[in-house]
Amino acid sequence: MAKISTKHGDMDEHLLTKRTGTDRHHDHDGSLHDTADWVEYWHNGELVHRSVHVTLHKIIPEMKPIIAKLVG
Amino acid sequence: MLNKETGGFWLCYANTQSMATSFKKEILNGSHAFGAQSANGTRTVTTKDTFKAALYVTTATVDSTTTAYSATNEVSGTGYTAGGIAVTNATAPTTSGTTAFWTPSASLVYTTVTLTTAFDAVLIYNTASTGNLAVSVHTFGAQTITAGTFTLTMPANDSSNALIRIA
């Protein structure tokens, strides 16, 4: 019998209600920023476990070399 | 923030995904070693630095102006140790074409934690440096964790997607 770690200690999975989902977060320009896959376990209407796996999609723009221009 | 054109709402983060401005200066000073340093006539240390990843709540302000790790507005809760977790750094920086890049070699995994205050940012910083110098801030949709695991998977380590890239 699978055990799930909860805020009340380990509980048998069959006693819990499992919910899963995926959230996608976008930036203002509509591009995908990150994806979050979550798993929740509920017991008698109470959230007792929540785990999340976030995958980063939006990265920091790379540093670009600056070429100095000599004038004079 | 209200989008007046659509009537919907923009997601506004107090934390901003960015490379620390101070980091850009520090790499020119040789303050960060993601791979083994080459010894020269002055420098004898050849081991790479160690890095950690700390999580911050949505009301924090970690961004390009962040210069070092701070416990202010860092998440707290059962199973989470202040300062965050070690970043696995088993892949040395490399190049492809004209781009140099580096990515942690494993996902960041915060195991069996309870973080009930929403958080949306991770700060990567150099623990080998004096003052825990900041490297970069990465944001994501706000999350909470209850007696569970928070896993943050890095992008692919290539010249187009690596976490840190210099073109």
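Leaving aside neighbours within four places in sequence, Ser22(B) is in contact with Thr66(B) and Thr67(B), where contact means heavy atoms within 4.5 Å. This is a predicted model, in which local features need pLDDT of at least 70 and side-chain atom pairs count only at pLDDT 80 or more, while totals for chains, interfaces and linings use all residues. Residues are numbered from 1 along each chain as its sequence is written, chains are lettered from A and ligands numbered from 1 in the order in which they are written, and side-chain values use heavy atoms, with hydrogens and water left out.

### Chain B

Let us stay with that serine for a moment. Ser22(B) sits in helix H1 (residues 21–28) of chain B. Helices (H or I, at least four residues) and strands (E, at least two) are DSSP runs, numbered from the N terminus. Ser22(B) counts as buried because its relative accessibility is 14%. On this scale, buried means under 20% relative accessible area, exposed means over 50%, and partly exposed is in between (1.4 Å probe, protein chains only).

What is the pattern of chain B, read along the sequence? It is β-α-β-β-β-β-β-β-β, with one helix and eight strands in the chain. Of the 167 residues of chain B, 45% count as buried. Among contacts in chain B between residues at least 6 apart in sequence, 67% join residues at least 24 apart.

Apart from neighbours within four places in sequence, Thr99(B) is in contact with Thr94(B), Ser159(B), Arg165(B), Ile166(B) and Ala167(B).

### Where the chains meet

Now to the partner chain. In the model, 26 residues of chain A are in contact with 34 residues of chain B. The size of an interface is often given as the accessible area lost when the parts come together. Here the buried area is about 2600 Å², of which carbon and sulfur atoms give 58%; the area (1.4 Å probe) is summed over both parts.

On the chain A side, strand E1 (3–6), strand E4 (32–43) and strand E5 (46–56) each supply at least two residues that touch chain B. The largest share, 10 residues, comes from E5(A). Sorted by class, that side of chain A has 11 nonpolar, nine polar and six charged residues. Here Ala, Val, Leu, Ile, Met, Phe, Trp, Tyr, Cys and Pro count as nonpolar, Asp, Glu, Lys and Arg as charged, and the others, Gly among them, as polar.

How many residue pairs are in polar contact across the interface of chain A and chain B? The rule finds 14, both residues of a pair being at pLDDT 80 or more. A polar contact is a pair of N or O atoms within 3.5 Å; within protein, one must be able to donate a hydrogen and the other to accept it, and residues adjacent in sequence count only if both atoms are side-chain atoms.

Thr144(B) lies in strand E7 (residues 133–153) of chain B and is partly exposed, with a relative accessible area of 24%. Not counting residues up to four places away in sequence, Thr144(B) touches Arg50(A) and Val52(A), as well as Leu115(B), Thr116(B), Thr117(B), Ala118(B) and Phe119(B).

Side chains of opposite charge can pair when their charged atoms come close. Over all chains, the count comes to three salt bridges, each a side-chain nitrogen of Lys or Arg within 4 Å of a carboxyl oxygen of Asp or Glu.

| Salt bridge | N to O distance |
|---|---|
| Asp12(A) and Lys3(A) | 2.8 Å |
| Glu46(A) and Lys7(A) | 3.3 Å |
| Glu40(A) and Arg50(A) | 2.9 Å |

Glu40(A) lies in strand E4 and Arg50(A) in strand E5 of chain A, so the pair ties together parts that are 10 residues apart in sequence. Both Glu40(A) and Arg50(A) are buried, whereas Lys3(A) is exposed, with a relative accessible area of 53%.

E1(A) and E2(A) form a hairpin with two residues between them. Four bridges join E1(A) to strand E2 (residues 9–12), and the two run antiparallel; strands pair if DSSP finds at least two bridges between them. Ile4(A) stands opposite Met11(A) in E2(A). The covered face of E1(A) has Ile4(A) and Thr6(A), and the uncovered one has Lys3(A) and Ser5(A).

Technical notes:
Buried area is the accessible area (1.4 Å probe) that two parts lose on being put together, summed over both.
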